[in-house]
Protein chains: 2
Amino acid sequence: MAEKKNPTRVEKTSEEIIRFIISNKMLPGNQLPTEEEFLTWFEVSRGTLREAVKLLVARNILEIRQGAGTFISHKKGIPEDPLGLNFIYDDHRLALDMLEVRLMFEPHTAELAAVNATAQQRKEIAESPRNIESLIRRGEPYADADCRFHQMIAEASGNRVIGQLMYILHSSVSKNIEITLDTLRDKNTVFYHHKIARAINEGNVISAHWFMATHLNLLREFVIDKMEADGLETNKRHSPL
Amino acid sequence: MAEKKNPTRVEKTSEEIIRFIISNKMLPGNQLPTEEEFLTWFEVSRGTLREAVKLLVARNILEIRQGAGTFISHKKGIPEDPLGLNFIYDDHRLALDMLEVRLMFEPHTAELAAVNATAQQRKEIAESPRNIESLIRRGEPYADADCRFHQMIAEASGNRVIGQLMYILHSSVSKNIEITLDTLRDKNTVFYHHKIARAINEGNVISAHWFMATHLNLLREFVIDKMEADGLETNKRHSPL
């Protein structure tokens, strides 16, 4: 298809915009200067500048709000498929891989949240399980609220890398794995979310860790059982050598 | 700056290309059909098709090799700054956040590698520490070889999400955190890399877990000591409530 050119003026200009953002320590939501201002600073044509902005929009670094201007995107440059899972084509095994990873770091994350959450964060985490419970009671979808609960805990950990990682994992989950709703699963969620939220709220690190671990392990077991019932091959990689 | 239009023909065409890739289960390194072929399938102009390809190159989903054609990128759509850390401006605390995360999942990853690595992977992991040791002896930079060692272990875990996550963490580390070289640090690396590699090679899950944990914990301690010596505020968030 198209021929590769050396770094084009457009690419160079997009790098200049990134350097501008970083050197001004701009944050997501901040508004970029106008096109006119950039044109007085950078020696480029209006066409090149516009193409450069489009590239950064494609990379989720900038967003254009109609009539308002150009802003640093809240997506912070994180793409739609940040883990590159579009190219993994066996959903079921992927769901288990994902839960294995979550088991590795969410219990520790809950511990950190129990220690580091602010009063406001504790309050929000404490309220979340009731909302999810009432969605379940009304038979409404709750996957998004469920994700937000785990995301709140990640953010309350005080570790910014965890917040970003959780965002990446959950956006990959919702893109790549279809989550089956099921009464047994609903009960697990309601019971353990309450336990986790209470432990974090009370600063109880041991309970926070182990309720999160149990919650995720039961979820993993649930996925394995479903797969076996459907005759799908589960993760047998943990056999002895 | 530029006005936002509704999803343009270029954006729609880039989504069509992604659907084409996914429905054909294409993998990184695979070559895309020619421009001519796409033009017979999609009802778009050559200009629109080229712009769509450029967008996907900007998103690291495609790459153009001069004279050879267009390929699925090995970057799998993962951007240069996948964690969006460009917008975090305090390097030192970020280094600690990163090590905290690595402590959460690399010891478990080493366990899985001890169980799941193929014969070929065990061989490569076993050879790696000697290479790093000789780089250190010759006073040469070894950060890349160090990353590759951890990446090999992640891939040997058999969990594909871990492989991608490690890739993301390490590319963020090298982009965002300047790693100080130091004799004490070198000794830690040489000693523990040998221990970890041997444990994985022999399928010893307990040793694999705990040598990895010790390796990373000493590294974390090293960073804290450095920060305190430089008068920087370290991570005091783990104090009682």
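Strand β1 of chain A (residues 62-65) and strand β2 of chain A (residues 69-72) run antiparallel and are joined by four bridges; two strands count as paired if DSSP finds at least two bridges between them. The model is predicted, so local features need pLDDT of at least 70, side-chain atom pairs count only at pLDDT 80 or more, and totals for chains, interfaces and linings use all residues. Residues are numbered from 1 along each chain as its sequence is written, chains are lettered from A and ligands numbered from 1 in the order in which they are written, and side-chain values use heavy atoms, without hydrogens and water.

Buried means under 20% relative accessible area, exposed over 50%, and partly exposed in between (1.4 Å probe, protein chains only). A:Ile64 has A:Thr70 of β2(A) as its bridge partner. Three residues lie between the strands of this hairpin, in which A:Gly67 takes a positive phi near 80°.

Chain A as a whole contains nine helices and two strands, in the order α-α-α-β-β-α-α-α-α-α-α. Helices (H or I, at least four residues) and strands (E, at least two) are DSSP runs, numbered from the N terminus. Of the 241 residues in chain A, 51% are buried. Where contacts (heavy atoms within 4.5 Å) join residues of chain A at least 6 apart in sequence, 69% are between residues at least 24 apart.

In chain B, B:Ile64 belongs to strand β1 (residues 62-65). B:Ile64 counts as buried because its relative accessibility is 15%.
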